[in-house]
Amino acid sequence: MRMSGRWLAGGLVVFAAAFAVALYYAQNYAFYDEIEAEAVEIAGTSYPVSEFRGIDASTSPLKLRACFRMAAEPDAPVAPAPVPLVAPGWFDCFDAEALARALAAGEATAYMAAAEEFDGADRVVARFADGRAYMWRQLNEKFAE
């Protein structure tokens, strides 16, 4: 009984497709948990928030993303180099590219919420004048190349 190369090639294609689907799911859905908050801590001070929507994962400190409203302007140091990280597509309130453009144009201000919250990662909160605010973690100078 001879095995056809067609069966082997077909099996490899099916395996690769299944692996690609599993990898996509793991990167975009599997490890995220929705989080809730009534207040956000920025530089040691707690600020009440509303309309909070957030995600995080225990697998990486860089998975935190949140969108919310914050009435008070934080009394905190400005973040030296804010770089919003892209959120999964299904978390549609967090648009990293639009937020980065707004920060560059001075339409929003980014504050250092917690320096070195995790080893090599800082937590940043950006706030617009109308009260819209966003939170994420980013790598700090410890891991700068």
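Is Ala81 buried, partly exposed or exposed?

## A look at Ala81

Ala81 is partly exposed, with a relative accessible area of 46%; buried means under 20%, exposed over 50%, and partly exposed in between, using a 1.4 Å probe and protein chains only. You will find Ala81 in the loop between strand 5 (65-69) and helix 2 (96-105). Asn140 sits 59 residues away from Ala81 along the chain, with 8.8 Å between their C-alpha atoms.

## About the model

This is a predicted model, where local features need pLDDT of at least 70 and side-chain atom pairs count only at pLDDT 80 or more, while totals for chains, interfaces and linings use all residues. Residues are numbered from 1 along each chain as its sequence is written, and side-chain values use heavy atoms, leaving out hydrogens and water.

## The chain as a whole

Welcome to the wider view. The chain has two helices and eight strands, which are DSSP runs numbered from the N terminus (helices: H or I, at least four residues; strands: E, at least two). Starting at the N terminus, their order is α-β-β-β-β-β-α-β-β-β.

Along the principal axes, the C-alpha atoms fill a box of roughly 75 × 35 × 30 Å. Of the 145 residues in the chain, 37% are buried. Contacts (heavy atoms within 4.5 Å) also span the sequence: among those between residues at least 6 apart, 51% join residues at least 24 apart.
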